[in-house]
Amino acid sequence: ESAQRAVYREARALQEDIQSAQESAAELEEGQQQLEELRQKVGAMRLEVEAQKQQDRDEIELLAGEEERLLRSIRAAEQERKTATVRHRGELQEGQRRVEVLERQL
């Protein structure tokens, strides 16, 4: 009877080991699934970050182009103002000469 009990205890111990191994395998599989889900989330987040970076770069490029157009417009306006100032000075000097000529004729 003691041999039978020993076999029974051994069988019971093996069953517990098998059950423990099955539980460990289930936990491992669950952990692997969670890891895969996290990898997918990280991949999606990386894609989002890259898309945002590209959008930011595009916006910066657009703003830089707009800044360049505004600077050219300002430079052109400044040049036009300088040209107009020189032209008005010339017209003013011509007008003063005419006044002097007319004053002499009087």
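Colleague: Is E59 buried or exposed, or partly exposed?

Modeller: This is a predicted model: local features need pLDDT of at least 70, side-chain atom pairs count only at pLDDT 80 or more, and totals for chains, interfaces and linings use all residues. Residues are numbered from 1 along each chain as its sequence is written, and side-chain values use heavy atoms, without hydrogens and water. Buried means under 20% relative accessible area, exposed over 50%, partly exposed in between (1.4 Å probe, protein chains only). E59 has 45% relative accessibility, so it counts as partly exposed.

Colleague: How many salt bridges are there?

Modeller: A salt bridge is a side-chain nitrogen of Lys or Arg within 4 Å of a carboxyl oxygen of Asp or Glu. By this rule, the count is six.

Colleague: What is the N to O distance between R69 and E66?

Modeller: Both residues lie in helix α1, three residues apart, about one turn of the helix. Helices here are DSSP runs (H or I, at least four residues), numbered from the N terminus. R69 is partly exposed at 42%, and E66 is partly exposed at 36%. Their side chains meet in a salt bridge, N to O, at 2.8 Å.

Colleague: Which residue forms a salt bridge with R104?

Modeller: R104 is exposed, at 65% relative accessibility. The closest N and O atoms are 3.9 Å apart, and the partner is E100.

Colleague: Which residues are linked with E94 in a network of salt bridges?

Modeller: E94 meets R97 in a salt bridge of 2.9 Å, N to O. The network links E94 with R97 and R98.

Key: Helices (H or I, at least four residues) and strands (E, at least two) are DSSP runs, numbered from the N terminus.
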